[in-house]
Amino acid sequence: MSLHYYTMDDLRLGRGGFLRHILVRKGYETGEVMVVLVAGTPVFPSKHAFTEALLKAHPEITTVLFSVNKGELGLMLGDREEILYGKGYIEDQLCGLTFRISPASFYQVNPQQAAALYTEALALCGLTGKEKVLDAYCGVGTIGLIAAGQVREVVGVETVEPAVKDARKNAALNDIRNIRFVCADAGAYLTEAAEAGEKPDLVILDPPRAGASREFIQGLRKTMPEKILYISCNPETQARDLLLLTAGKKYTVRAIQPVDMF
């Protein structure tokens with residue numbers, strides 16, 4: 001089977017066709033490349049022949065996956081994946097640590113600036129080594145694992161199960177033992193912590209573009225950690241959340257530092 005049989009016309013990219021998306025991720029430091037083919041049907045004729053042809057044309061690819069998404073086009077990946085080649089994930093280095101990245105796991109697309117972002121962010125916290133830290137919306141654990149060497153302990157919370165699995169693997173991979181990861185909604189976790197009387201010294205949050213959930217903001221106002229580090233990819237929702245946090249003089253904004261991620 002030649003690659004000719006798998007042109008975009010044949011695969012009919014988009015609504016109503018076989019192929020919905022192609023996701024490509026690359027490790028900046030390692031050079032490892034992941035390709036994820038996202039289709040609307042589990043039927044993929046001659047998928048192994050296609051994979052062979054793809055690797056022949058692009059030998060730099062280190063892993064290929066097939067994801068089935070029968071739902072809305074707004075969702076990139078489906079709920080089932082098949083590894084067609086390689087180990088099913090890539091690795092990259094950031095701030096001296098190694099991170100495992102699966103298709104559904106969040107990882108900054110610009111690692112060089114991510115290193116600058118995390119270094120500057122943690123410097124603003126004035127860490128003493130005694131802090132108990134909650135890393136909310138933690139993804140594969142990047143900032144929590146980077147912070148772990150500067151604090152007493154870290155708890156990372158993330159709703160995406162594959163990301164939590166990656167985070168736990170990353171902790172083991174880097175032999176970091178003062179961190180644990182919980183698969184849970186950040187708002188629900190913080191609310192339960194507040195009810196149990198648990199209080200982190202520092203809360204780090206890096207939510208999606210929609211910002212922090214209202215439940216999470218309320219949880220912060222209940223637990224009242226000494227410091228909050230809010231990393232945002234959307235100034236509008238961050239501004240909204242800061243207004244909620246500072247209402248009634250609960251908190252005061254001490255520093256704002258933009259970082260150009262592009």
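Predicted model: local features only at pLDDT ≥ 70, side-chain atom pairs only at ≥ 80, totals over all residues.
**Contacts along the chain**

I began with the contacts between residues at least 6 apart in sequence, and found that 63% of them join residues at least 24 apart.

I then looked for individual pairs. Gln113 and Asp260 are 147 residues apart in sequence, yet their C-alpha atoms lie 7.4 Å apart in space. For Ser46 and Gly126, I noted a separation of 80 residues in sequence and 56 Å from C-alpha to C-alpha.

**Overall figures**

I recorded 8 helices and 11 strands in the protein. The C-alpha atoms fill a box of roughly 65 × 35 × 35 Å, taken along the principal axes. Of the 262 residues, 47% are buried. The accessible surface comes to about 13900 Å², and carbon and sulfur atoms account for 52% of that surface.

I also looked up the charged side chains. There are 29 positive and 31 negative ones, and the centres of the two sets lie 4 Å apart.

**The sheet of four strands**

I traced an open sheet of 4 strands in the order S1-S2-S3-S4, with mixed pairing. Strand S1 (19-26) and strand S4 (80-85) stand at its edges; each has a single partner strand, so one side of each is left without a neighbour in the sheet. Neighbouring strands of this sheet are turned by 20° against each other on average, direction ignored.

I followed the pairings strand by strand. S1 and S2 pair in the antiparallel sense over 7 bridges, and Leu23 stands opposite Val36 in S2. S2 and S3 run parallel and are joined by 6 bridges. On that side, Val36 stands opposite Leu65 in S3.

Which way do the residues of S3 point? I found Thr63, Leu65 and Ser67 pointing one way from S3, and Val64, Phe66 and Val68 the other way. All of these are buried, and S3 is accordingly listed as mostly covered, with 6 of its 6 residues buried.

I next examined what helix H2 lies across.

I located Ser46 in the loop between strand S2 (33-39) and helix H2 (47-57). Its phi is near 55°, a positive value in a residue other than glycine.

Val154 stands opposite Ile179 in S9.

**Gln113 in H3**

I returned to Gln113, which lies in helix H3 (residues 111-124). What does Gln113 contact, leaving aside its neighbours within four places in sequence? I found Val259, Asp260 and Met261. Gln113 has a relative accessibility of 27%, and therefore counts as partly exposed.

**Lys249, after H8**

My last entry concerns Lys249, which has a positive phi of about 60° although it is not a glycine. Lys249 is placed in the segment after helix H8 (235-246). With a relative accessibility of 80%, against a cut-off of over 50% for exposed residues, Lys249 counts as exposed.

Methods. Residues numbered from 1 in each chain as written. Heavy atoms only, no water. Helix = DSSP H or I, 4+ residues; strand = E, 2+ residues; numbered from the N terminus. Buried < 20%, exposed > 50% of the residue type's maximum accessible area, 1.4 Å probe, protein only. Contact = heavy atoms within 4.5 Å. Areas by Shrake-Rupley, 256 points an atom, 1.4 Å probe, with all protein chains shown as cover. Lys, Arg positive; Asp, Glu negative; His and termini not counted. Charge placed at Lys NZ, Arg CZ, Asp CG, Glu CD. Pairing = 2+ DSSP bridges. Axes fitted to C-alpha atoms, helices over the stretch in contact; angles between N-to-C directions.
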